[in-house]
Amino acid sequence: MNHTFINSDAIRHEFSMAMSAMYQTEVPLYGDLLDLVAEVNTEVLTKHPEIKEQLEYTGEIDRLSMERHGAIRLGTADELSMMRRLFAVMGMHPVGYYDLAPAGVPVHSTAFRAIDAQALNQSPFRVFTSLLRLDLIADEALKQEASNALFNRNIFTDNVVSLIKRFEGQGGLTLDEGEQFVKEALETFRWHDKTPVSKELYQRLLEQHGLIADVVGFKGPHINHLTPRTLDIDTVQQGMQEKGIPPKAIIEGPPKRDCPILLRQTSFKALEEAVSFKNPNGEYEQGHHTARFGEIEQRGVALTPKGRALYDQLLSQARNQLGATPNEDNASQYYQILESAFEAFPDDYHAMHNEELAYFYYQPVDNAADISSAMLGLERVDVQTVDSKQVVNALIEKGAIRIEPIVYEDFLPVSAAGIFQSNLQQDKQSNYDGNSNKHEFEQALGASIHDELALYKDIQAQSLEKCLMSLGNYV
Ligand code: OOG
Ligand code: NI
């Protein structure tokens, strides 16, 4: 490794700050949202020392104020594969596959993010990245026009492409190159108020689906929202209303709990923005477009496959019982149904751990060695030869080992569809046949997608090993 190279985590951090600054200028309401979230987070940390302590133990406290995710929508396989290479420069890799077609959104998606716990704590920035599925447009002529428009655009600057190639060739970027990279990469995500398509084509695309117009009608994949992390989403949702930041009707995801699981999200409605459409005679015609918004998220513990299956089951049970898509009119009824459905999901970290519903870090408490040796009545035990699960559980019970939740870093397809829908201003709920697949997406991407569950499992296993090693003299 050449030590003159700048660390990818540092590039990602710089980039996420530059992106946030750009978006605050482009969408000032997002800046107001950031202020509100910071206010609420400070209050939670002051009122709840136990939450503060937990975030200190998991290493999340320092990342809290820089925590955010964003989202973009791409039009072609080539765009997606170059985007993968661009994110790789920043140590961001595709994790998880999300098929949104069954929920009426003609895309499939992945999230680019850092992989290991340490890199995540350095900079947790992630980008939810969707690929438009033109194959779902039934109108052949329109599909052809859309493909042509996409073929004719180039969303990357020449400089960023050569910096990506340099990164790949030499295995890193120098400090100077890294700075240039951040500046050039940012161009891809910038808002353009002059469109390359005519108003007439834009209207036809819009009639097909708001998302198709948003992708095909523009020069590039403008960042469509950024999302800070809050420790109390219900308070922020209420505060948004009071501060004139119009929130969507429903908080997506699990209900409010003492021990948060996965992810809860809400957003403010997309803004109507002035754009100039380029007509065939070369003149610009005024119009508007609605796509960009702000979002907030509250993250909780990552679930095991068993926990996730239970979550999916309870969520769909609640939705079936409601018998409609949750909206403004049935919001309080929906929350009630959701809360009672989730009574079946233990709201206690130790119960979740015992039932193997969620992933945890294992950490020795200060006097762990004393407790463990006294408890086991042993000088040394070979960890390999004992039933480690039993020993670990005994050590947790005696207070020698502490468990701390591993935070969920990913997304949820039903919630993501809700965020998309609330910002599309579309009354008609379309449904697409869910014949998309991960393999197709990976082919477009030019790489395979990491399995998020395997990543959490590894983090948990590594933490257990480290914990037992540090008690090694006794256990
Ligand atoms: C992405 C919507 C999904 C999330 O946080 O689940 C999303 C988009 O609107 O492009 O951002
Ligand atoms: Ni989002």
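How far apart do the C-alpha centres of domain 1 and domain 2 lie? They are 26 Å apart in this predicted model, for which local features need pLDDT of at least 70, side-chain atom pairs count only at pLDDT 80 or more, and totals for chains, interfaces and linings use all residues. Residues are numbered from 1 along each chain as its sequence is written, and side-chain values use heavy atoms, with hydrogens and water left out.

**View 1. The two domains of the chain.** Domain 1 comprises residues 8-302 + 410-451, and domain 2 comprises residues 303-358, the bounds being taken from an automatic or database domain assignment.

**View 2. The area buried between the domains.** About 1800 Å² is buried between domain 1 and domain 2, with carbon and sulfur atoms giving 62% of that area (the accessible area, with a 1.4 Å probe, that two parts lose on being put together, summed over both). Of the area that domain 1 buries against domain 2, 28% is supplied by Ile-250, Pro-255 and Arg-257, more than by any other three residues.

**View 3. Contacts and salt bridges across the interface.** Contact, meaning heavy atoms within 4.5 Å, joins 21 residues of domain 1 to 23 residues of domain 2. The rule finds two salt bridges across this interface (a side-chain nitrogen of Lys or Arg within 4 Å of a carboxyl oxygen of Asp or Glu). Arg-257 forms a salt bridge with Asp-347, and their closest N and O atoms are 3.5 Å apart.

View 4. Helix 17 (residues 413-422) contributes three residues, the largest share of the side of domain 1 that touches domain 2; helices are DSSP runs (H or I, at least four residues) numbered from the N terminus.

Conventions:
Chains lettered and ligands numbered in written order. Helix = DSSP H or I, 4+ residues; strand = E, 2+ residues; numbered from the N terminus.
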